[in-house]
Amino acid sequence: MTVIDSTPVTSLPVDVCVAAGSDHPRPDGQDRYTIREVAAYTGLSAPTLRWYEERGLMPNVARSHTGQRVYGNRDLDWLSFVRRLRLTGMPVADMVHFAELVRRGEDTYDERRQILEQTRREVVARMAELQDTLVVLDAKIDFYAGADRAPERA
């Protein structure tokens, strides 16, 4: 990993719950990453990371004295959380709104909780639909696995 020497980073405030269950192990003591390193850790491309920044999902990304983006562990945790929000099917505009609430601070906890509760309800409903779909697929697979096949013609 490349460590960038620059001025101190002021990271996006992140909830404790965002940092829970980090998807990517990090070197002990390291808290400064280039965009290339973040792309490698997260699986997101550098253009996607720039796009997230432009849209307000990753605002206030620190810059080195040469203008290069400098990410910290909190940024990686935030990106992991954003990735999970994407997996729920949450629209980007709603994720941006959530990010804005995070930036506004503790006064928005209730609204954030309500958003996450609604998202959870939607995920649970989708999981039930997918479970029903698996039952149908399994039945069809069993049917085809046990079906008598007509002899092939020569």
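Me: What share of the 154 residues in the protein chain is buried?
Reply: In this predicted model, buried residues account for 35% of the 154 residues in the protein chain.

Me: And the accessible surface, what does that come to?
Reply: The accessible surface of the protein chain is about 10400 Å². Carbon and sulfur atoms hold 54% of that surface.

Me: How many helices and strands are there?
Reply: The protein chain contains six helices and two strands. Read from the N terminus, the order of the elements is α-α-α-β-β-α-α-α.

Me: Back to the inside. How many residues has the largest nonpolar core?
Reply: That core has 27 residues, and Leu49, Tyr71 and Trp78 have the most contacts inside it. At least two core residues come from each of α2 (35-42), α3 (46-55), α4 (73-87) and α5 (92-104).

Me: What does Tyrosine 71 touch, leaving aside residues up to four places away in sequence?
Reply: Its partners include Ile35 and Val38, together with Leu49, Glu53, Met58 and Val61. Tyrosine 71 also touches Asp31, Arg32, Tyr33 and Thr34.

Me: Which residues of α4 are buried?
Reply: They are Asn73, Asp75, Leu76, Asp77, Trp78, Leu79, Ser80, Phe81, Val82 and Leu85.

Me: How far does α4 reach from its first C-alpha to its last?
Reply: The 15 residues of α4 reach 21 Å, close to the 21 Å expected at 1.5 Å a residue.

Me: What follows α4?
Reply: Glycine 89 follows α4, and its phi is positive, near 90 degrees.

Me: One last topic. Of contacts between residues at least 6 apart in sequence, what part joins residues at least 24 apart?
Reply: In the protein chain, that part is 63%.

Key. Residues numbered from 1 in each chain as written. Predicted model: local features only at pLDDT ≥ 70, side-chain atom pairs only at ≥ 80, totals over all residues. Heavy atoms only, no water. Core = buried A, V, L, I, M, F, W, Y, C linked by side-chain atoms within 4.5 Å. Buried < 20%, exposed > 50% of the residue type's maximum accessible area, 1.4 Å probe, protein only. Helix = DSSP H or I, 4+ residues; strand = E, 2+ residues; numbered from the N terminus. Contact = heavy atoms within 4.5 Å. Expected span 1.5 Å × (residues − 1). Areas by Shrake-Rupley, 256 points an atom, 1.4 Å probe, with all protein chains shown as cover.
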